[in-house]
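Keep the structure open beside you and try each task before reading its solution.

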Amino acid sequence: MLLPRKDSALRYLQCYEHECKQTFTAWCNSHLRKAGTQIENIEEDFRDGLKLMLLLEVISGERLAKPERGKMRVHKISNVNKALDFIASKGVKLVSIGAEEIVDGNVKMTLGMIWTIILRFAIQDISVEETSAKEGLLLWCQRKTAPYKNVNIQNFHISWKDGLGFCALIHRHRPELIDYGKLRKDDPLTNLNTAFDVAEKYLDIPKMLDAEDIIGTLRPDEKAIMTYVSCYYHAFSGAQK
């Protein structure tokens, strides 16, 4: 992996944070819209715990403890703790993530919490042969894209930069949606936007990534790519079942 120069390190980290915020916000909204709501700002809109509890109810199909409706800090902390307790009840270890940091709008802690939720509810149960979670998802991608020219999925970062991997996954399951033969490896912007537009229009997968961000980053954020690719897995494996 190429490391950024010291003078660009901060920008490098901020880019990753931007990618995760965009992807995680879209992922949360893909579920929250089922309850008739959404979030605009991921570190602000979960601070009172109400939409966080609602998100967990939607993705788990279970009811959480009744939330506090007061506006005081103690009420917000109580709600976030109820959400964190529910996550922990699912066998998830929440390392260094506390209710106070979420209530205070700590963006890194909030993103860490949402990533934990995505892992538990969208990725953990993916199983392909004897592999599970990340390895299972990667193996699924490799098998589905194996017949495609110029696609070699080895990871959840640089393997997806030219956009052909996303297009191949769509074409493998819905060949009528993409003319794969017309795509060029040296035109990543078109490839990425084609996949994102088609997935949103025909597969009900919201745009979670930005094509320019992926192209302009040495190594796209692994968490963001995994989150988006997991939506393809659920869309297609669910349809097959």
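**Exercise 1.** In this predicted model, find the distance between the closest N and O atoms of Glu176 and Arg174, and decide how the pair is classified.

*Solution.* Start with the distance: the closest N and O atoms of Glu176 and Arg174 are 2.5 Å apart. The cut-off is 4 Å, so the pair is a salt bridge. Next, look at accessibility. Glu176 is exposed, at 54% relative accessible area, while Arg174 is partly exposed, at 29%.

**Exercise 2.** Classify Arg184 and Asp186 by accessibility, then say what joins their side chains.

*Solution.* Take Arg184 to begin with: its relative accessible area of 47% makes it partly exposed. Asp186 reaches 59% and counts as exposed, since the exposed class begins over 50%. Their side chains meet in a salt bridge, with 2.9 Å from N to O.

**Exercise 3.** Which parts of the chain does the salt bridge between Glu129 and Arg143 tie together?

*Solution.* Begin with the contact itself: the closest N and O atoms of Glu129 and Arg143 lie 3.0 Å apart, in a salt bridge. Now place each residue. Glu129 sits in the loop between strand 1 (127-128) and strand 2 (131-132), and Arg143 belongs to helix 6 (residues 133-145), so the bridge links parts that are 14 residues apart in sequence. Finally, check accessibility: Glu129 is exposed at 56%, and Arg143 is partly exposed at 42%.

**Exercise 4.** How many salt bridges does the model have by this rule?

*Solution.* Applying the 4 Å cut-off gives a count of 16 salt bridges. Among them is the pair Glu129 and Arg143.

Definitions and conventions
Residues are numbered from 1 along each chain as its sequence is written. This is a predicted model: local features need pLDDT of at least 70, side-chain atom pairs count only at pLDDT 80 or more; totals for chains, interfaces and linings use all residues. Side-chain values use heavy atoms; hydrogens and water are left out. Helices (H or I, at least four residues) and strands (E, at least two) are DSSP runs, numbered from the N terminus. Buried means under 20% relative accessible area, exposed over 50%, partly exposed in between (1.4 Å probe, protein chains only).
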